[in-house]
Amino acid sequence: MLAKRIIPCLDVKDGRVVKGISFVNLRDAGDPVECAKAYSNAGADELVFLDITATIEARKTMIDLASRVAKEVFIPYTVGGGISSLDDARALLEAGAEKISINTAAVRNERLITDISKAFGNQAVVVAIDALRRENGWEVFISAGTEPTGLDVIKWAKKVEKLGAGEILLTSIDADGHQTGYDIELTAAVCDAVSIPVIASGGAGSPEDIYRVLTEGKADAALAASIFHYGKYTIGQVKEYLHKKGVCVRR
Amino acid sequence: MIAIVDYGLGNLKSILYALERLGQEAIITSSREEISSANGIILPGVGAFRRGMENLNKANLTSVLKESVKAGKPILGICLGMQLLFTRSSEHGKSSGLNIIPGRVEKFGAGLKVPHMGWNQIHKTRPSSLLAGIPEGAFFYFAHSYYPIPADAGVSVGVSEYGGQFASAVEVGRVFATQFHPERSGNLGLHVLENFCKICRKS
């Protein structure tokens, strides 16, 4: 049976892992390669590295990071943040990343989704969608959650699937960093709208939050950062909890 | 020496690093000579079937692959590399494959999330040198939208469940293939690659 995935997210700034509360107030939490190895050994199914610096210099840092991780860690990992061209994507995928994630660039240049998908297959293309709750649904935000786009999240999710995305990384801006649970309604709405896998992100505070988003929320994978980074729960504890509740996980 | 075939689609470095981790000498190459002189061949690949065959043809590599198999050199196809070993695929109309393993490649049916992405279980169907030491029901990492249907179901050594059963690992003589990515499947994936390296060292 296909297992639900648990994915720690490592926000990277200037080559170091950090995690903010609702995209601000950064704290330093270690070396990305060491974190990746530790999480792989702890049973993480996948990893996501998000470069939150996203400057030209940071590009090279991320390619170097992708290559260093590939030599040490033999589970899939996604690299995102600041990717704005096919060449950016190619450099990371050729360095050893399994997938790349695009967000702002996908909104500004929809063809990029198709171009990367055609060159590397849709399984290599994750489109990250940052969603903010509005009166009637959710709005897509770009530029690390700072810039509204006027796009409806559900419509955008359907569109990126058509354009060649192989997976959606869906973050609730409202829930992110608060550790009070994922936006279940948002996640279920997107999962119902598309037939590509959806990774739920933003708000994980307990194993039960993860259980809920994988069942009620219908997500294929749950992404979390703080609860793992600061040792509140181990991946093993979360998987044990999910297994006891009847969710198929890799143990 | 194991030759990792470079035909412009893949996912090559992760395989190279995995082999290096196992202490296995390997090269990423598109040279017919290097492929011919290697002890074993890995045919990797991600993306579209037709493009894969076009690239192999353009690089003038189809004949060296077929000849190597005929000569009994071990080959391991991974993901798209597995699918290319079959006779044909329904991807983008109809495309011909290497026809090393009789059978076809089809898209997963409607109602399923596609790509089939993530960790799925391998159920062993018969003794196999590729899956030696792998526990029944172990999880491996998959990322694909098409799956192979061997003409002879007996070539499968492992099957997986996704809207029905499909062949996720095959073994015919010295032709091996996995629909999953051993290089992305943690320690058990490395174990599968190690099994293949042992087979290559013996030949």
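1. A quick definition to start: two strands pair if DSSP finds at least two bridges between them. Strands (E, at least two residues) and helices (H or I, at least four) are DSSP runs, numbered from the N terminus.

2. Please keep in mind that this is a predicted model, in which local features need pLDDT of at least 70, side-chain atom pairs count only at pLDDT 80 or more, and totals for chains, interfaces and linings use all residues. Residues are numbered from 1 along each chain as its sequence is written, while chains are lettered from A and ligands numbered from 1 in the order in which they are written.

3. In chain B, have a look at strand S11 (residues 156-161), which pairs with S12(B) in the antiparallel sense over five bridges. Ser156(B) sits opposite Val170(B) of S12(B). Three residues separate the strands of this hairpin, and Gly163(B) has a positive phi near 65° there.

4. On to strand S13 (residues 175-178) of chain B, which is antiparallel to S12(B) and joined to S12(B) by four bridges. Here Val170(B) has Ala177(B) as its bridge partner. The hairpin of S12(B) and S13(B) has two residues between the strands, with Gly173(B) in the turn at a positive phi of about 60°.

5. Why is S12(B) (residues 165-172) largely enclosed by the rest of the structure? Because six of its eight residues are buried (20 or more other C-beta atoms within 10 Å of a residue's own, with C-beta atoms placed from the backbone).

Definitions and conventions
A residue is buried if 20 or more other C-beta atoms lie within 10 Å of its own, exposed if 12 or fewer, and partly exposed in between; C-beta atoms are placed from the backbone.
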